[in-house]
Amino acid sequence: MLRIENLSKNYGHVQAVKSISFSLSDKEIVGFLGANGAGKSTTLKIITGYLSPTDGNVFVDGKNIIDHNLDIQKQIGYLPELNPLYGEMKVYEYLKFHADIRGITGGDFKKALERVVADCALQGVVHRTIGNCSKGYKQRIGLAAAMIHDPKILILDEPVSGLDPNQIVEIRRLIKKLGKEKLVLMSSHILQEIQATVDRIIIIHNGEIVADGTSEDLISDSQGKTQLHMEIQNAEENAIQDMKAVIPSISLNSLNKSGDSIQVSLEYNSNSDPRKDVFDYAVKNDWTILEMSASKRNLEDIFRHLTYEGDSAHA
Amino acid sequence: MHSVLSIYKKELRSFFTSPMAYIFLVVFALVNGYFFTNTFFLYNQSDMRSLFGIVPLVYLFFIPAVSMGLISREKGIGTIEIISTLPIRERDIVIGKYLAGFSLILVALLTTVIHYITLYSVGTTTDHGAVFTGYLGLALLGGVYTAVGIFASSLTENQVIAFIVGIAIVLVFFLMDKLLMFVPAGLAGIVQYMSTEFHLSNISRGVIDTRNLVYFGSVIGFFLFMTTRVLESRKWS
């Protein structure tokens, strides 16, 4: 239904998206995961026609976005990241505005309004001014506007950011319901959210797709890997990064300074056990090990491994 | 076409749900009324030439003020992303917004009709044709300045900057005719033709010349086209 082919986007000399390709099918909830600045929003903005690709194309049911921009926009409902709304409008007026532009009027609008108001639980605020609504309501108003024309494809950019836990559960429930009849492509950097909601995960890092599959696939792909978490005192960051040269079987996932200690996340193949070598290296460098624990990978570890900016991340 | 109408209605609603439009209309009526009636009884002539001389000056500040937010506000609050991802062409967004701004200017112009009614009641030998063409000229001038204003508004997300740029551009059009003495003789004709005052004065005299209509239409079309291109350019940023 939605196909991205060798899509690239440059902002001046900065390559935000680097020739990515993937296909999405009907009735699928797909999580687009990446750190801030990874290229998620840029990709979504190209799919919705807000930006044009520097290279490559987007196809919806065989039509490409460059030649059939308006046709594709008719089939897409879009909730942008910051969910901008006209604060001076009433909720009803805002939904009517979206419906008018999409040519939904009269009885059709009435039906569409009833549907989105029920789906997004907006019964109490339909005649309220948007500026006076809570953040949770505003998010649902944005979602209702994106759904007013019952689109085949819903693009949701960070739909739960800034919401409280109760509101997150409500939006998650709604997205799951929508995913039974539509293609939902949602971006997020909240891993728990993605894992709880989506059928498939695409991880983007530095404009490139670094993983694509169900969360179970991604975890099983990385089976055989063990994480080693350490908290060290009296250590230099450079010396920690140099550890890989001495112990080649490890890779450094992350390294964070916290107070006078450093949190280090290492990874190694489970068929080897470099813990003794790591311990000896620490002793040799006069480090004080406050904590050292090994664990199997979860989705968060996979995400951090794939998107960590440190020098040794992909070693 | 329904997209243009949807944008038009949204903009008009936006004008009239805030105090801005009402303040604008009242101040516009008061300022023009004050300057017109100040000299009206002194001249003791039943014509509206003094009003037609004042309104273009008031336009210089009022129209950029009305149009400064038409696009820059959408950019500022981020709703430009919403309307740009709806199935509507940039051209239709620009036309809808332009027509809304222009409509407000026409309503403002209508508030000065009270002076015509006064003139009709107390005056003699009123040249109704000249009054009609005078209003036509003011409407066309308002159209040009609104087009300039929406163009300035498309350049930035800051309404104050849009206002200042708008005033700067309309001042150029307004002053061209007055600065001819500083222009080389060979260019004087072209500069004069580019001036809004030159065409406005022709129409205000009661002469509806196709050249003047073409001029106003072309300038409006040019700025609306440029505004559309500016909006489209975000895709390639």
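This is a predicted model: local features need pLDDT of at least 70, side-chain atom pairs count only at pLDDT 80 or more; totals for chains, interfaces and linings use all residues.
User: Happy to start with one residue. Why is A:Lys9 called buried?
Analyst: A residue is buried if 20 or more other C-beta atoms lie within 10 Å of its own, exposed if 12 or fewer, and partly exposed in between, with C-beta atoms placed from the backbone. A:Lys9 has 23 other C-beta atoms within 10 Å, so it is buried. This lysine sits in strand S1 (residues 2-11) of chain A.

User: Which residues does A:Lys9 touch, leaving out those up to four places away in sequence?
Analyst: The partners of A:Lys9 are A:Ala16, A:Val17, A:Thr42, A:Ile46, A:Leu51, A:Pro53 and A:Thr54. Contact here asks that two C-beta atoms, placed from the backbone, lie within 7 Å.

User: What makes helix H1 of chain A mostly covered?
Analyst: Helices (H or I, at least four residues) and strands (E, at least two) are DSSP runs, numbered from the N terminus. H1(A) covers residues 40-47, and eight of its eight residues are buried. After the helix comes A:Gly49, with a positive phi near 85°.

User: Nice. What is the strand order in the open sheet of six strands in chain A?
Analyst: The order is S6-S7-S8-S3-S9-S10, with mixed pairing. Two strands pair if DSSP finds at least two bridges between them.

User: What makes S6 and S10 of chain A the edge strands?
Analyst: Strand S6 (76-79) and strand S10 (208-213) each pair on one side only. On average, neighbouring strands of this sheet are turned by 15° against each other, direction ignored.

User: How do you know that S6(A) and S7(A) are paired?
Analyst: Four bridges join these two parallel strands, and the rule asks for at least two. Within S7(A), A:Ile153 is the bridge partner of A:Ile76. A:Ile76 and A:Tyr78 point one way from S6(A), A:Gly77 and A:Leu79 the other way, and all are buried.

User: In which sense do S9 and S10 of chain A pair?
Analyst: Strand S9 (residues 200-205) and S10(A) are antiparallel, with five bridges. A:His205 has A:Glu208 of S10(A) as its bridge partner. Helix H11 (residues 299-307) of chain A packs on the sheet, touching strand S3 (29-33), S9 and S10, and its direction makes about 30° with that of S9(A). Angles run from 0 to 180 degrees between N-to-C directions, with axes being lines fitted to C-alpha atoms, for helices over the stretch in contact.

User: What makes a group of residues a nonpolar core, and how many residues has the largest one here?
Analyst: A nonpolar core is a set of buried Ala, Val, Leu, Ile, Met, Phe, Trp, Tyr and Cys residues joined through C-beta atoms within 7 Å. The largest has 131 residues, and those with the most contacts inside it include A:Tyr94, A:Ile155, A:Val184 and B:Ala147. Helix H8 (residues 128-154) of chain B gives the most to this core, with 12 residues. Apart from it lies another core of 15 residues, among them A:Ile232 and A:Tyr268.

User: How many residues does each chain bring to the contact between them?
Analyst: Chain A and chain B give 20 residues each. On the chain A side, helix H2 (69-75) and helix H3 (91-101) each supply at least two residues. That side divides into 11 nonpolar, five polar and four charged. Ala, Val, Leu, Ile, Met, Phe, Trp, Tyr, Cys and Pro count as nonpolar, Asp, Glu, Lys and Arg as charged, and the others, Gly among them, as polar.

Definitions and conventions:
Residues are numbered from 1 along each chain as its sequence is written. Chains are lettered from A and ligands numbered from 1 in the order in which they are written.
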